[in-house]
Amino acid sequence: MIARLGKSIRARLALWASVAMTLLCLLAGSAMLWVGHDAATDLRTRELIFISRRPIHWIKQYELTPVIDLPLKGAQVIGPAGQVAASTPNLAGSPRLSRTMPDPVRSERVEEACGLPQFRGQCQIMVVSRVDRGDGQWLVYAFNPTVPWYVSPAALGSTVGMSVLLVMITWFGVSKVVARTLAPVNEITERMIEITQRQEAMRVPVPENADEVKALAEAANRMLSQMEAAIEQQRRFASDASHDLRSPITAMRAELEAAMLAPQETDWCDTGDRLMASLNRLQNIVTDLLALAKLDAGAPGAFEPVDLAELVAGETTRPRSRKVITSLQPGVVVMGDRLRLARLLTNLLDNAERHADSTILVTVRRNGEAVLEVLDDGAGIAPEQREVVFRRFTRLDASRSRDAGGTGLGLSIAREIARLHQGTLKIEDSDVGARFVLRIPIRRD
């Protein structure tokens, strides 16, 4: 199919190029024939005038004979009385062929004469010359055929032959050039089809030359690299999500199966409490998965001016198991989705609460941009793991694992919300614990 497509494009381009060359040759050939026709006509007219001067010389020297031999198509000499005094052999006995008179000022006149029966319907270049002699005024008519539009068979043949040759060269050249140009494109397309069908980790070939095609191949490789990373992330995400969803479901199933084995001896209130804990965990995972799906889909938010100090003050009023200390600079206003920013802050506080020893410090300040910091006094996070914790369902060591009560998605959701607000969320250095820093552009009036 790809080969047929390439051949179709090559044939169409070659056809259009050949048509364009044909039109160009037609115009150029017509111009050449037109110029050649004018040049040949001028040359033949000058030759006719030169030859017609021989009878003029004979008339003036009284050497004119009834039959004159001239290298012309025909000639007639008209005497003072209007009679045919002499003619070429082919016009012997013919009446006067024309009544055209020379120009009053000049002694010669040149024009095209058509419809003369003696010349079988061919148009002739006619030269009329006036000769004054003692016995009166004599006229000399000289005829030669007009130059045809094609000048000559040789000129027409050479023009047509050259045009055909140029068209053939154009067809062949364009076909070769297009084939050579499309070769890397066809190779890239075939490789893309192989990647699609086999789902292999492949890259398209990058040609050495052809800058445009090379740029296409490099862009395709970048896209394939991103797609490969996204697919791998999706696979890991699906695997981890299925495991995390299966865990509370398995726990609930085990509780119910144990209770059903001895229903009379089961404390159903205690069993219900354990089932409710597993259901809450399951609900939290599903809720976080839905939030991530909306963020990945680029669902728009309700952006409005949000004062981060007011937002933090409102979100930190809820009682927590760890002491929360705030340091809030007023007037740090950003354009954002209030609900999503609140979700980001809640996720950071929940994470800090799970891992803090006793205290959580929340700071809002302005530093060319809006800065929100959440610092706990826990064990902290190693520098090489500071990006790992933002991955979905990432397991760290026992001191900071999601088994401490989280779903493993809170920090991923927080970072996606930061990106949605054109900001960043990172873990920066601190003397103790983990220091999460959110930076968002300040609202500008």
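Q: Where is Gln422 found?
A: This is a predicted model, so local features need pLDDT of at least 70 and side-chain atom pairs count only at pLDDT 80 or more, while totals for chains, interfaces and linings use all residues. Residues are numbered from 1 along each chain as its sequence is written, and side-chain values use heavy atoms, with hydrogens and water left out. Helices (H or I, at least four residues) and strands (E, at least two) are DSSP runs, numbered from the N terminus. Gln422 is found in the loop between α7 (410-420) and β11 (424-428).

Q: Is Gln422 buried or exposed?
A: Buried means under 20% relative accessible area, exposed over 50%, and partly exposed in between (1.4 Å probe, protein chains only). Gln422 has a relative accessible area of 65%, so this residue is exposed.

Q: How many residues of α7 are buried?
A: The helix α7 is mostly covered. Among its buried residues are Leu411, Ile413 and Ile417, and also Arg415 and Glu416. Of the 11 residues of α7, the buried ones number nine.

Q: What phi does Val151 have?
A: Val151 is placed in the loop between β5 (136-145) and α2. Its relative accessible area is 22%, so Val151 is partly exposed. Although Val151 is not a glycine, its phi is positive, at about 70°.

Q: Which helix gives the most to the nonpolar patch?
A: Patches are made of residues with over 30% relative accessible area and no salt bridge: like charges are joined within 9 Å, nonpolar side chains (Val, Leu, Ile, Met, Phe, Trp, Tyr) within 5 Å. The nonpolar surface patch here covers about 780 Å² and consists of Leu15, Trp16, Val19, Leu23, Leu26, Trp171 and Phe172. At least two of its residues come from each of α1 (2-60) and α2 (153-198). With five residues, the helix that gives the most is α1.

Q: What is the relative accessible area of Leu26?
A: Leu26 belongs to the nonpolar patch and has its place in helix α1. Leu26 is exposed, because its relative accessible area is 53%.

Q: What is the volume of the largest cavity?
A: On a 1 Å grid over the protein atoms alone, a cavity is a set of points where a 1.4 Å probe fits but cannot get out, and lining residues have an atom within 4 Å of a point. Grid points are joined across faces, edges and corners, and a volume is the space filled by probe spheres set on the points. The structure holds one cavity of 30 Å³ or more. The volume of the largest cavity is about 40 Å³.

Q: How many salt bridges does a search of the whole structure find?
A: A salt bridge is a side-chain nitrogen of Lys or Arg within 4 Å of a carboxyl oxygen of Asp or Glu. One of them joins Arg338 and Glu304, with the closest N and O atoms 3.7 Å apart. Arg338 lies in helix α6 and Glu304 in strand β6 (residues 303-307), so this pair ties together parts that are 34 residues apart in sequence. The search of the whole structure finds a total of 19.

Q: How far apart are the closest N and O atoms of Arg435 and Glu373?
A: Arg435 and Glu373 are both buried. The two form a salt bridge, and their closest N and O atoms are separated by 2.9 Å.

Q: Which residue meets Glu428 in a salt bridge at 3.1 Å?
A: Glu428 is partly exposed, because its relative accessible area is 21%. Glu428 is also in a network of salt bridges that includes Arg365, Glu369 and Glu373. At 3.1 Å, N to O, the side chain that meets Glu428 is that of Arg439.

Q: What distance separates the C-alpha atoms of Val333 and Arg366?
A: Val333 is found in strand β8 (residues 333-337). Its relative accessibility is 21%, so Val333 counts as partly exposed. Val333 and Arg366 are 33 residues apart along the chain, and their C-alpha atoms are separated by 9.2 Å.

Definitions and conventions
Accessible areas come from the Shrake-Rupley method with a 1.4 Å probe; for residues, only the protein chains shown count as cover. On a 1 Å grid over the protein atoms alone, a cavity is a set of points where a 1.4 Å probe fits but cannot get out, and a pocket is an open set with protein on both sides within 12 Å along at least five of seven lines; lining residues have an atom within 4 Å of a point.
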